[in-house]
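Please read the following points beside the coordinates.

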Amino acid sequence: MPWQCQSKSNKRNRKGKTMRLEDIRNIAIIGGGTMGNGIVHVAAQTGYHVVLLDLDKKYLDRAMETISKNMDRQVKKEIMTAEAKAESLARISPTTDISRVKECQLVIEAIIEKLEPKLDLFRKLDEITPKDTILASNTSSLPITRLATVTKRPDKVVGMHFMNPVPMMKLVEMIRGVATSDETFETATELGKKMGKIPVPSQDYPGFIANRILMPMINEAVYALFEGVGTAEDIDTVMKLGMAHPMGPLALADFIGLDICLDILNVLHEGLGDPKYRPCPLLKKKVEAGYLGRKSGHGFFMYD
Ligand code: NAI
C-alpha cells in the first residue's frame, strides 16, 4: 500500500478544541474571484453568515454582482425563492478589512494559485483568527501540508477543493495534509455535505486527484493545437462528440482561467518532477499576453 498521510501520529500538534459542524456559524471566504464568489453563494444559501474578503472594493462589487445574477438564474428555475435570495445576500458581508475574519469559526481561502501569497495569507490568518478556527484552502494543486507549516495549528488546516461553477458542481475534493487531525477533516467534510456537495477524499500530492488527471489532458490539447494537429474547434469537437465530454478541453481551459491552468501545471511539473507535466509554450504565451480565457474575454476562443 502506498504511503498515506495519517493524522493519528500528529496528536502532539493539537492545540485547543476542534470546531464541530454545529459550532460553525460564520464562515470567511478570502478572494471573491471565479471560485470565491461561488463558495460565498453556496455558503450563504446554506444559511451561514459569510465574511467575503478581497483586496479592493471593485472586486467585492464584481463578486456581489455575479452572486446576485447567479441567484436570479436559480430563482427563474425555481430552485430558490426571491425571498431566499434576499435573505442569502443579506447574510454576506463584503469587506477589505482582514480583521473581520476573527468573527469566523472557519475560513476558506480562494486567492490566486501561487504559493508565496497563500503562505503570507495563512501566516496572517493564524495571527488574527481565534486558535480554534479551521483554516481551509480551495487550492487546486498546492500542498496543504506546506500551508499548514506557517501556522501554529497544522492540525486545523485542510483542503476543500470545490469545482467550478460551485453552485452547480457536486464534487468537493477533501485534502488531508500530513498534520490534519481526524476531527478537522471530519468537520470540513460534514460542512461540504451540508453545503450540498459530495466530498471525496484525496491524499496531499500535487494536483490531488482532479487536476492530476484533468491538467495533463488540457495541456495535451494545447500541444495538439500548438503542433497544428487540429484547430481549436476541431480538437474540442473530437472530445465532445467522440468522448462524450460536455465541454471540449480548450473551452474548459478558458472557463477555468489559463493563468490558473498554467499555475497548476507548474505545480505538477515541479512537485512530481516528471517532464510529462511541462506546460505547453502556447499556454505560457497566452498567459503572457493576458489572454486568460473567459475572464479576460480572450483565450483559445473569443468571448463577449
Ligand atoms: P481568480 O483570479 O478568479 O480570483 C482570485 C481573487 O483573489 C481575486 O478577486 C483577487 O483580487 C483575490 N485576492 C488575491 N490575493 C488576495 C489576498 N491576499 N487577499 C484577499 N483577496 C485576494 O482565481 P480563482 O479562479 O477563483 O482561483 C482561486 C483559487 O481556487 C486558486 O487557488 C485556484 O487554483 C482554485 N480553483 C480554481 C478553479 C477554477 O476553475 N478557476 C477550480 C477549483 C479551484
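1. Strand 1 (residues 26–30) and strand 4 (residues 106–109) run parallel and are joined by four bridges; strands count as paired if DSSP finds at least two bridges between them, and isoleucine 29 stands opposite isoleucine 108 of strand 4. Strands here are DSSP runs of E with at least two residues and helices are runs of H or I with at least four, both numbered from the N terminus. The model is a predicted one, in which local features need pLDDT of at least 70 and side-chain atom pairs count only at pLDDT 80 or more, while totals for chains, interfaces and linings use all residues. Residues are numbered from 1 along each chain as its sequence is written, and side-chain values use heavy atoms, with hydrogens and water left out.

2. The pair belongs to an open sheet of eight strands, with mixed pairing and the order 3-2-1-4-5-6-7-8. Its edges are strand 3 (92–95) and strand 8 (198–203), each of which pairs on one side only, and the twist from one strand to the next averages 25°. Helix 4 (residues 115–128) packs on this sheet, where it touches strand 1, strand 4, strand 5 (134–137) and strand 6 (157–162), and its direction makes about 165° with that of strand 5; contact means heavy atoms within 4.5 Å, and angles, from 0 to 180 degrees, are taken between N-to-C directions of axes fitted to C-alpha atoms, for helices over the stretch in contact.

3. Around the ligand there are 23 residues, of which Met35, Asp54, Glu113, Lys118 and Ser140 come nearest, a residue being counted if one of its heavy atoms lies within 4 Å. Among the polar contacts (pairs of N or O atoms within 3.5 Å), an N or O atom in the side chain of glutamate 113 is 2.5 Å from a ligand oxygen, a backbone N or O atom of methionine 35 lies 2.8 Å from a ligand oxygen, and a polar side-chain atom of asparagine 138 lies 3.0 Å from a ligand oxygen.

4. Helix 1 (34–46), helix 2 (57–76) and strand 6 are the elements that give two or more residues to the ligand shell.

5. Two backbone details deserve a look. The peptide bond from asparagine 164 to proline 165 is cis, with omega near -5°, and proline 165 lies in the loop between strand 6 and strand 7 (171–176). Glutamate 78, in the loop between helix 2 and helix 3 (82–90), has a positive phi, near 65°.

Notes. Polar contact = N/O pair within 3.5 Å; in protein donor to acceptor, adjacent residues only side chain to side chain.
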